[in-house]
Amino acid sequence: MKKVYFIADAHLGATCVPQTRENEKHLVAWLDSVKESASAIYMLGDMFDFWFEYEYVVPAGFTRFLGKLSELSDAGVELHFYTGNHDIWTFNYLEKEIGVKMHRKEDVMEIMGKKFFLAHGDGLGDPSIKFKILRTFFHSHICQRLFALLHPHIAMSIGLYWSGKSRKKKENKFSFYFGEDKEHLVQFAKKYDGESVDYFIFGHRHIMLDKTFDGRRVVILGDWINQYSYAEFDGEKLELKQYLK
Ligand SMILES: [Mn+2]
């Protein structure tokens, strides 16, 4: 019986993570370990710490990771790539080159007869206006076109600087579970009134959480910076696991 896997938040290439190359190798080792058993892998955002692609130019690096994804894709493993808030600007390179299926926003997927609500998670259940404005700006096509006019040397420097700053801020303030009432994603799942779902799976928070709130199972995937965590679904049970070094 094949399995389906979920991962998020590798933040590959993060300038403030000294072990980022080791993490990339470890992620590749994990991809190898699930290659035979996986029918699909869902990457729920922020796999790259910063990504901006041009029509003929893509960011340097990540060759091990991209190569392994291509290998899995060629072997028939279905790959799903959800944009996070650090890699929004993936246009169609990964689709064309690797064959991943891009998801630019949250959606409900049917997997082995169960319904999964899948999202990176930024902005969901978050009432902050400042964040909404920033998010609209980052997702705007005009802003993306203007940014693309910058020389890649300047654009990538700005991007890496911004993502480094945003990660440091997060590490200090957000690396623990705030509790049911303060976790936006938990609140979102509790209030959700769309089509019925069996599981809510999110990234973004960099915490490992697997809990049921008012009958709603919420899984937050941790990260691949120092938790090396993933969720595995075999058609019957969903488990949050770690692939430790
Ligand atoms: Mn994120």
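Trainee: Is His120 buried or exposed?

Mentor: His120 is buried, with a relative accessible area of 3%. Buried means under 20% relative accessible area, exposed over 50%, and partly exposed in between, with a 1.4 Å probe and protein chains only. Please note that this is a predicted model, where local features need pLDDT of at least 70, side-chain atom pairs count only at pLDDT 80 or more, and totals for chains, interfaces and linings use all residues. Residues are numbered from 1 along each chain as its sequence is written, and side-chain values use heavy atoms, with hydrogens and water left out.

Trainee: Where do Asp46 and His120 lie in the chain?

Mentor: Asp46 is in the loop between E2 and H2, and His120 is in the loop between strand E6 (114–119) and helix H4 (129–139), 74 residues apart. Helices (H or I, at least four residues) and strands (E, at least two) are DSSP runs, numbered from the N terminus. Asp46 is also buried, at 0% relative accessibility.

Trainee: What about Glu55, buried or exposed?

Mentor: Glu55 lies in the loop between E2 and H2, and this residue is exposed, with a relative accessible area of 72%.

Trainee: Turning to the strands, how does E3 pair with E2?

Mentor: Strand E2 (residues 38–43) and E3 pair in the parallel sense over four bridges; two strands pair if DSSP finds at least two bridges between them. The chain runs from E2 through helix H2 (residues 63–74) to E3 in a right-handed β-α-β crossover. Right-handed means that, with the strands pointing away from the viewer, the path from the first strand over the helix to the second runs clockwise.

Trainee: And how many residues of E3 are buried?

Mentor: Four of the five residues in strand E3 (residues 78–82) are buried.

Trainee: Last topic: how many salt bridges are there?

Mentor: A search of the whole structure finds 14, each being a side-chain nitrogen of Lys or Arg within 4 Å of a carboxyl oxygen of Asp or Glu. One of them joins Glu232 and Lys241, with the closest N and O atoms 3.3 Å apart. Glu232 is buried at 8%, whereas Lys241 is partly exposed at 26%.
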